[in-house]
Amino acid sequence: MKIKRNARIGALIKILCENPNKIFTLSYFTNQFNAAKSSISEDIVVAKKIMDDLELGKIETIAGAAGGVKYIPCISKNESREILESVCNKLSESKRIIPGAFLYMADIIYNPSIVRRLGQIFATQFMGEDIDYVVTVETKGIPIALMTANALNVPLIILRRDSKVTEGSTVSINYLSGSTGKIQTMSISKRAIKNGANVVIIDDFMKAGGTAKGMMDMMREFEANVVGIGVMISTKEPENKVVKDYIPLLVLEKVDEINEIIYIHPNEKLI
């Protein structure tokens, strides 16, 4: 069946966007659309211009025998500002305050459309790196870490609070939680990460950085290189975290329980 150019371009963009950072050969599209390689190459040029003009990410061609085309879901600073300010507005609602100066965030961190965009913001920060895995600890960091892994097209590794018999031999370490001040445990299967891998650590919240430090210590057990650390929300205090290099999407300055005011804003470096 002969497919018209507009339909091919629309389908091509859909396939690429649903599979970020996955390389598709020209042959894949010629077979999919029953079209010549020259026609597909022209389609890609048009699709690339559309995505560039509308700032919807980048379509990149890779030369060589193993080459092809892929979609990179990078997000501009203007778009990052809109996304992060929208999340801040939601998190600033006074009804979210929980006794103890905590915030209710479940409706946001488990909302696929929101965490997908937050994951793309993280992926944009680490896009130039050679990443093998995204790493998080269960449970609230899983959605945003999964979306980051999806955008980078790499596996997600989840560090467990308790080892599972189905994971076989495991490595376990103790760490000091900065939020609770208590000693906690995290474990991972020895088969989960190849030695010497490059990893990005993603979590939902950072107060003192104890959990992120624990994840870094765990990665050393595999001689892994921590390329970067990203957290959805970091508290302003304490300023001196136990980890130094990390990227917060949002900064929580203060939760005023008495006046029911939440002071939170986007990380200025991202917008």
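User: At what angle do helix α4 and helix α6 pack, and how far apart are their axes?

Analyst: Two packed helices are described by the angle between their axes and the distance between the axes. In this predicted model, local features need pLDDT of at least 70, side-chain atom pairs count only at pLDDT 80 or more, and totals for chains, interfaces and linings use all residues. Residues are numbered from 1 along each chain as its sequence is written, and side-chain values use heavy atoms, with hydrogens and water left out. Helix α4 (residues 77–91) packs on helix α6 (residues 112–126) at about 135°, and their axes are 11 Å apart. Axes are lines fitted to C-alpha atoms, for helices over the stretch in contact, with angles from 0 to 180 degrees between N-to-C directions. Helices (H or I, at least four residues) and strands (E, at least two) are DSSP runs, numbered from the N terminus.

User: Which word describes how α4 and α6 lie to each other, and what is the hand of their crossing?

Analyst: α4 and α6 are therefore oblique to each other. Angles under 35 degrees count as roughly parallel, over 145 as roughly antiparallel, 65 to 115 as roughly perpendicular and the rest as oblique. The crossing of α4 past α6 is left-handed; this means that the near helix is turned anticlockwise from the far one by less than a right angle, whereas clockwise is right-handed.

User: Which residues of α4 and α6 meet?

Analyst: From α4, Glu79, Ser80, Ile83, Leu84, Val87 and Lys90 meet Ile114, Arg117, Leu118 and Ile121 of α6, where contact means heavy atoms within 4.5 Å. By class, this contact has six nonpolar, one polar and three charged residues. Ala, Val, Leu, Ile, Met, Phe, Trp, Tyr, Cys and Pro count as nonpolar, Asp, Glu, Lys and Arg as charged, and the others, Gly among them, as polar.

User: How do α6 and α7 pack?

Analyst: Their axes are 7 Å apart at an angle of about 55°. α6 and α7 are therefore oblique to each other, and α6 passes α7 in a right-handed crossing. Among the residues in this contact are Val115, Leu118, Phe122 and Phe126 of α6 and Ile144, Met147 and Leu152 of α7. The contact of α6 with α7 has 11 nonpolar, three polar and one charged residues.

User: How do α2 and α3 lie to each other?

Analyst: The axes of helix α2 (residues 26–33) and α3 come within 9 Å and cross at roughly 105°. α2 and α3 are therefore roughly perpendicular to each other. Leu26, Ser27, Phe29, Thr30 and Phe33 in α2 meet Lys37, Ile40, Ser41 and Ile44 in α3.

User: What is the volume of the second largest pocket?

Analyst: Rolling a probe the size of a water molecule over the atoms shows where empty space is left. The second largest pocket has a volume of about 230 Å³. On a 1 Å grid over the protein atoms alone, where a 1.4 Å probe fits, a pocket is an open set with protein on both sides within 12 Å along at least five of seven lines; lining residues have an atom within 4 Å of a point. Of the 17 lining residues, Tyr71, Pro73, Arg116, Arg117 and Gln120 are the closest to the centre. α1 (5–18), α6 and α7 (142–152) each supply at least two residues of the lining.

How values were computed. Grid points are joined across faces, edges and corners, and a volume is the space filled by probe spheres set on the points.
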